[in-house]
Amino acid sequence: MVQLPSITLKDPSSALSATFVPSAGMVCTSLSDGGVELLGQRRGLNAYLTTGKTMGIPILYPFANRLSANGYGVDGGAVTLTPGVGGVRSDEHGLVIHGVLAAYPGWLVKQSADNKLTADLDYGGQPRLLSSFPFPHVVTLDIKLKDRALTIVTTVTPTTSASVPLCFGFHPYLTIPDVPRSQWRLEMPPLRHLPVDNWGIPTGATEDWAAFSDRLGDRVFDDGFDEVPPGCTFALSGGNRRIEVIFNHGYPAVQVFAPANDDVVGIEPMTAPTNALRKGGYNVAVPGRPASASFTIKVN
């Protein structure tokens, strides 16, 4: 088993701690409340390092979830993405998925204190990364653990005259230990649902979903939504524990994932819906005006 240096943040007002591994793509491997793990470990860090199988809270960058083909257009040209090259990975259908930064070792820690962590990645200085996303920029993570809440702010700063598409996301795998999955309660606000085809790509149709608050039972979710308003809150609870995911700003899309074969629920903040890098409709970071997005995981 590979052992990599990690950084553990501690909430000064509670027993909550969060552990990040900078040399493994800045993945958050643990969110622990007094020794009780609240993140799904799935296949573990080694599988994330070797095959990109996600766990904990990974960043999905520069695009979240799938693209409908192995390439996309940019400024009248085209970018080709080749699975197995430059960090590109594919799903069971051969579609590229979850960007290129899974377990990427090039993050630089700029600040680390008891409950704060700042790290950045100079995307423009990495030819391997630019080959799949040719927009020079710096991406910065500012992370804080305070008042039983983990907040991650992502800032994208263009470093040339080119604007940078914002299609990234995070994939928190949440779990309620010692409570059967069927008894977990999932809460979602009213949302606009994006139906998908057999390959998980939005069809272009939309439908309104009413607010949801119920036990999971044997329900399975793998559903995307857009038009998520700033400040929107999702929650997973069970026993005496409640975990909220708050979309502070910059995340107008979400994927909700609750598989039948693993006791986890993913509530995934996304800066654009699945396949936006190909279809369009995303926001951009403009030169001279960095863009930021923020979400919080609060443990009650």
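The dialogue below takes up the ground rules, a sheet, a strand, ring pairs, a cavity and some backbone angles.

Q: What kind of model is this, and how are residues numbered?
A: This is a predicted model, where local features need pLDDT of at least 70, side-chain atom pairs count only at pLDDT 80 or more, and totals for chains, interfaces and linings use all residues. Residues are numbered from 1 along each chain as its sequence is written, and side-chain values use heavy atoms, with hydrogens and water left out.

Q: How do strands pair, and which order has the open sheet of 4 strands?
A: Strands of a sheet pair through backbone hydrogen bonds, either parallel or antiparallel. Strands (E, at least two residues) and helices (H or I, at least four) are DSSP runs, numbered from the N terminus. Two strands pair if DSSP finds at least two bridges between them. The open sheet here has the order E1-E2-E3-E4, with antiparallel pairing. Its edge strands are E1 (7-10) and E4 (36-37), and each pairs on one side only. E4 pairs with strand E3 (residues 27-33) over 2 bridges. Within that pairing, Ser32 has Glu37 of E4 as its bridge partner.

Q: How many residues of strand E19 are buried?
A: Buried means under 20% relative accessible area, exposed means over 50%, and partly exposed is in between (1.4 Å probe, protein chains only). In E19 (residues 221-226), 5 of the 6 residues are buried, so the strand is largely enclosed by the rest of the structure. E19 runs antiparallel to strand E16 (residues 191-194), with 3 bridges. There, Arg192 stands opposite Asp226. E19 is also antiparallel to strand E22 (residues 253-258), with 5 bridges. Phe221 stands opposite Ala258 in E22.

Q: How many aromatic pairs are found in the whole structure?
A: Rings of Phe, Tyr and Trp (its six-membered ring) pair if their centres lie within 6.5 Å; planes under 30 degrees apart are stacked, over 60 edge-to-face, and the rest tilted. The search finds 12 aromatic pairs. Take Phe234 and Phe247: their ring centres are 5.1 Å apart and their planes are at 45 degrees, so the pair is tilted. Phe234 lies in strand E20 (residues 232-238) and Phe247 in strand E21 (residues 241-249), so the pair ties together parts 13 residues apart in sequence. Phe234 and Phe247 are both buried.

Q: Is the pair of Phe247 and Tyr251 tilted or edge-to-face?
A: The pair is edge-to-face, because the planes are at 80 degrees, with ring centres 6.4 Å apart. Tyr251 counts as buried, at 3% relative accessibility. Ring pairs link Phe234, Phe247 and Tyr251 into a cluster with others, including Tyr61 and Phe295.

Q: Which residues line the largest cavity?
A: On a 1 Å grid over the protein atoms alone, a cavity is a set of points where a 1.4 Å probe fits but cannot get out; lining residues have an atom within 4 Å of a point. The count is 1 cavity of 30 Å³ or more. The largest cavity holds about 40 Å³ of space. Phe20, Met26, Cys28, Ile57, Ile59, Leu141, Ile143, Ile152 and Phe170 line the largest cavity.

Q: Where is Pro62, and what bond joins Tyr61 and Pro62?
A: Most residues other than glycine have a negative phi, and most peptide bonds are trans. A cis peptide bond joins Tyr61 and Pro62, with omega about 5 degrees. Pro62 is in the loop between strand E5 (59-60) and strand E6 (71-74). Asn65 is found in the loop between E5 and E6. Asn65 has a positive phi, near 60 degrees.

Methods
On a 1 Å grid over the protein atoms alone, a cavity is a set of points where a 1.4 Å probe fits but cannot get out, and a pocket is an open set with protein on both sides within 12 Å along at least five of seven lines; lining residues have an atom within 4 Å of a point. Grid points are joined across faces, edges and corners, and a volume is the space filled by probe spheres set on the points.
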